[in-house]
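Reader: Hi! I'm new to reading protein structures. Could you walk me through this one?

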Amino acid sequence: MDQIVRFQKYFFLTTGFLLGSLIPLFGNAFNFILIVFMFVQIGMNRKEVLANLRQERKYLWTMIIFLGYFSLHTMIVLLKGNPVAEPSYGTFEILILNFILVPVYVTTFRSWLTPELLRRFLTYFCIGCFCINVYIFFALTGTKLFSDPVGTLNLIYNTRFGENRFVLGDKFWLEIQALMLAVSALISYFLIIKERQNGKKIMFIFLFLALLVFLSFTVTKSAIIGFLAGFFVLNIYLFKRSWVKVRYKLATVILIVLCGFVLLDNVAMYKARMQEVREEIENVRRGEFSGGTIVPRVAFIRESFKHFDEFGLWGLGVSTKHRIKAWFDASDMNIARYKNVGNIFLQYWVTGGIPGLAFVLFLFVAPVYRMIRKKKISYLIIGILLPFFAVSNTCVTLSWANSRLFMLLFLAMFCFYGDLFARLEEFSEDEPAFDKSSI
């Protein structure tokens with residue numbers, strides 16, 4: 001049994017690294033690894049797995065009920081005849097793998113997950129995110145950074161880190177990349193303060209600054225705003241909990257970060273983006289829909305609500321994708337060419353009607369509700385939820401299969417183990433170091 005638990009812990013830590021690097025590219029493939037892993041778990045320790053599932057049955061039943069509703073909705077559409085779109089492979093299979101398999105996997109952590117093991121998981125996630133972005137950077141620029149650093153950085157900013165691109169053979173959406181960078185930067189910032197060993201503290205400072213620079217390359221406003229909001233929340237926690245000498249160090253870090261953003265604001269691409277935003281705001285006020293930043297997102301909302309009678313109560317179900325495309329193609333707001341704009345809350349409303357909207361709100365509210373009910377508030381969870389929420393208002397994060405796995409795993413961990421995140425934030429300086437022999 002000890003060997004099984006040890007393997008679970010190593011698999012958990014490996015998942016942390018992959019979650020920051022390859023899972024957002026090959027999330028569907030990882031689903032099948034999880035299936036095999038879960039069958040092994042059930043075969044070796046069935047009673048414990050079932051006990052864990054019973055403990056989180058309300059969360060899991062919410063997932064099952066929504067998928068049951070979506071299935072029933074599809075059957076009704078098919079029985080009516082002449083459906084806009086028929087179900088195909090991936091309509092239900094991928095949803096079940098994400099919305100059922102991922103939280104079921106997360107329930108298996110209960111008997112052995114500790115705050116220190118959680119901290120290592122978060123560390124590996126940050127390292128994974130750093131590694132994939134280093135790869136992307138040099139895949140885009142080669143070795144030009146060493147021969148022409150100024151020109152290379154200008155290229156990266158002007159192309160917004162290569163924008164939506166293929167990485168290792170799969171599409172990597174810019175918004176998801178920026179979201180991961182914002183989350184990993186917040187985690188590494190938190191780990192800077194909590195780390196007692198100077199060597200590791202230096203590593204986390206390096207990770208934080210590097211991830212922050214990578215985030216600036218994306219020039220993605222929603223992720224940057226989400227990061228700043230989460231950064232503000234973490235600083236509230238740190239000033240409430242830390243000693244005076246740590247406050248001086250914290251003030252220095254904050255000053256460095258603020259100076260960094262001031263310096264980044266002088267980059268021509270940032271100036272151009274800010275001017276673009278101002279012009280688009282004025283265009284929207286005048287009723288003109290031209291631009292590629294705010295305008296397509298506002299247009300998406302307006303165009304969707306023009307067809308409110310089609311989806312307002314029960315949603316469009318399996319035909320959502322095709323109906324939205326038809327709306328966009330027929331729109332006079334020139335938004336048919338945009339593939340990655342939207343709002344996940346409105347998207348699930350269009351898909352599942354009122355139940356769909358309630359479902360996606362549940363995913364975000366459940367962790368906060370549990371923290372309040374148990375009176376164990378985790379500032380780190382709140383800090384990470386803020387970029388999740390900000391980016392989900394500008395693109396369809398929970399509709400893309402690969403990014404959906406990344407978000408659902410974190411959201412389930414926040415809900416099931418919020419008390420462990422809170423305990424992680426309460427570590428004292430005299431607490432014994434983590435014993436690596438325990439895994």
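This is a predicted model: local features need pLDDT of at least 70, side-chain atom pairs count only at pLDDT 80 or more; totals for chains, interfaces and linings use all residues.

Reader: Great! How many helices and strands are there in the protein chain?

Author: The protein chain has 20 helices and two strands.

Reader: And what share of the residues is buried?

Author: Buried residues come to 53% of the 439 in the protein chain. The chain still exposes about 20300 Å², with carbon and sulfur atoms supplying 65% of that area.

Reader: Which parts cover the buried residues of α1?

Author: The cover includes α2, α5, α6, α9 and α19. Among the buried residues of α1 are Phe11, Phe12 and Leu13.

Reader: You mentioned α9. Is Ala178 in that helix buried or exposed?

Author: Ala178 sits in helix α9, and it counts as buried because its relative accessibility is 0%. Leaving out residues up to four places away in sequence, Ala178 touches Leu215, Thr218, Thr220 and Ala223.

Reader: Where do Leu215 and Thr218 belong?

Author: Both are among the buried residues of α10. Helix α10 runs over residues 198–218 and reaches 31 Å between its end C-alpha atoms, close to the 30 Å expected. Just after α10, Val219 has a positive phi of about 50°.

Reader: New topic! Which residues are buried in α16?

Author: Thr320, Ile324, Trp327 and Phe328 are buried there. They lie on the same side of α16, because they cover an arc of only 95° around the axis. The buried residues of α16 pack against α14, α15 and α17.

Reader: What about the loop between α16 and α17, which residue is there?

Author: Asn343 is one that lies in that loop. Asn343 is buried, with a relative accessible area of 11%. Beyond its neighbours within four places in sequence, Asn343 is in contact with Phe300, Ser392, Asn393, Cys395 and Val396.

Reader: Now the charges. Why would side chains pair up at all?

Author: Side chains of opposite charge can pair when their charged atoms come close.

Reader: How many salt bridges does the whole structure have?

Author: A search finds five. In one of them, Glu56 pairs with Arg110, and their closest N and O atoms are 2.4 Å apart. That pair links distant parts of the chain, since Glu56 is in the loop between α3 and α4 while Arg110 is in the loop between α5 and α6, 54 residues apart.

Reader: Is Glu56 buried or exposed?

Author: Glu56 counts as buried, at 3% relative accessibility, whereas Arg110 is partly exposed at 24%.

Reader: Last one: which residues form a nonpolar patch on the surface?

Author: Leu22, Phe26, Tyr135 and Leu168 do, with about 330 Å² of accessible area together. Phe26, for example, is in helix α2 and is partly exposed, at 32% relative accessible area.

Conventions. Residues are numbered from 1 along each chain as its sequence is written. Side-chain values use heavy atoms; hydrogens and water are left out. Patches are made of residues with over 30% relative accessible area and no salt bridge: like charges are joined within 9 Å, nonpolar side chains (Val, Leu, Ile, Met, Phe, Trp, Tyr) within 5 Å. Accessible areas come from the Shrake-Rupley method with a 1.4 Å probe; for residues, only the protein chains shown count as cover. A salt bridge is a side-chain nitrogen of Lys or Arg within 4 Å of a carboxyl oxygen of Asp or Glu. Helices (H or I, at least four residues) and strands (E, at least two) are DSSP runs, numbered from the N terminus. Buried means under 20% relative accessible area, exposed over 50%, partly exposed in between (1.4 Å probe, protein chains only). Contact means heavy atoms within 4.5 Å. The expected span of a helix is 1.5 Å times one less than its number of residues. The arc is that of the directions from the helix axis to the C-beta atoms.
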